[in-house]
Amino acid sequence: MFSKVVEDKSVVWFSDVWQKPVTSTLPSFGFVEIPFDFAVSHRPGTRFGPKEIIKNLNECTLYCTDKRISLENMVITHFGSVDVVQSIEQSHENIAKAVSSLPNPYIPICLGGDHSITAPIFSSIKKKHQNEEIGLLVFDSHFDSRDIIPGRYHSGNWVKTLEKTLNYNYFIQFGIGANIYSKQYMDFSEKNGITIITVYDMRKKGLSNVINDIFKQLKIKKLYLSVDIDAIDQAFAPGTSVPNSNGLFPHEVIDTIFEIARHYDIIGFDITEVSPPLDRNNMTTNVAVQIIINLMAGMIAKRNLPV
Ligand SMILES: [Mn+2]
């Protein structure tokens, strides 16, 4: 167990409450580590992301100070690490199986890993909600909609692999802005009904208006959330494979996620592309942990639990 900075009986630490017994009434978060980066399109290293995020989370308390919300009324269980093997297809299958094995009422909180993991996670969750419409909100500076070339799988085409699984009308990509695409990618999204919010769009409209637009666009109950940490500016999230020089600010992602989690039933979550070998002073992991804590705070606020 950790030695704590101060002995303070008023605080509860994440490290103290893993594996708290499940009850059906409390929000239950099932953490799954996915140390998979074989599909990375640029620099590897995100296989070390999950452990670093857990380590960092363990140094936080169960109080989201920014939102004045206690996280003590929740269950967090660490389900372990997915068996990653040197085959993208097999690893993806293992990821899907691991996620679908989580018992109810656990909501999968998946720690990546490269962004390709979203496809097997989302597909597996979609199977559990066969006849329901599910939304997908992704924070990413990249479209990830490159054409699929058999035998050349990578983290930049997972959106295309979901063409038959996902209703693109309920798909929003927030934070797009990386300069490694052509107009055809924007056209593909817009013609297929995918909503794109670039960083410039957001700054022009203002964050509150953008959040209200998301509510109007996604008139559904259930939502899956995916965060590629490179949606956030490199000044705050340098530890990632493809850093972004015109990204969202941390609070823009954190506060959106809090509001979204307060509004929708979040049925799954992943955070990807955190790469500790490329990080500085744990800056990127710190942002990832803030995102996770604010997601939990939003989900607790939605259930009107005592805070
Ligand atoms: Mn990306």
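Tutor: Of the 307 residues in the protein, 47% are buried. A residue counts as buried if 20 or more other C-beta atoms lie within 10 Å of its own, as exposed if there are 12 or fewer, and as partly exposed in between, with C-beta atoms placed from the backbone. Please note that this is a predicted model: local features need pLDDT of at least 70, side-chain atom pairs count only at pLDDT 80 or more, and totals for chains, interfaces and linings use all residues. Residues are numbered from 1 along each chain as its sequence is written.

An open sheet of 8 strands runs in the order β4-β1-β5-β10-β9-β6-β7-β8, with parallel pairing, where two strands pair if DSSP finds at least two bridges between them. β4 (75-81) and β8 (195-198) stand at the edges with a single partner strand each, so one side of each has no neighbour in the sheet. On average, neighbouring strands of this sheet are turned by 15° against each other, direction ignored.

Helices pack on this sheet. Helix α2 (residues 49-57) touches β1 (28-33), β4 and β5 (106-111), and its direction makes about 115° with that of β5. Helix α4 (residues 118-128) touches β5, β6, β9 and β10 (265-272), and its direction makes about 165° with that of β10. For such angles, axes are lines fitted to C-alpha atoms, for helices over the stretch in contact, and the values run from 0 to 180 degrees between N-to-C directions. Contact requires that the C-beta atoms of two residues, placed from the backbone, lie within 7 Å.

On one side, 3 bridges join β10 to β5 in parallel, and D270 in β10 is the bridge partner of C110. β10 also pairs with β9 in the parallel sense, over 7 bridges; there G268 in β10 is the bridge partner of Y224. Together, β9, α9 and β10 make a right-handed β-α-β unit. Right-handed means that, with the strands pointing away from the viewer, the path from the first strand over the helix to the second runs clockwise. β9 (residues 222-228) is in turn joined to β6 (residues 134-139) by 6 bridges, and these two strands run parallel. Within that pairing, G135 stands opposite L223 in β9.

We come now to the nonpolar core, a set of buried Ala, Val, Leu, Ile, Met, Phe, Trp, Tyr and Cys residues joined through C-beta atoms within 7 Å. The largest such core has 80 residues, and I291 and I292 have the most contacts inside it. Helix α10 (residues 283-302) supplies the largest share of this core, 11 residues. Apart from its neighbours within four places in sequence, I291 is in contact with V227, V253, I254, I257 and I271. In soluble globular proteins, nonpolar side chains tend to be buried together.

Definitions and conventions: Helix = DSSP H or I, 4+ residues; strand = E, 2+ residues; numbered from the N terminus.
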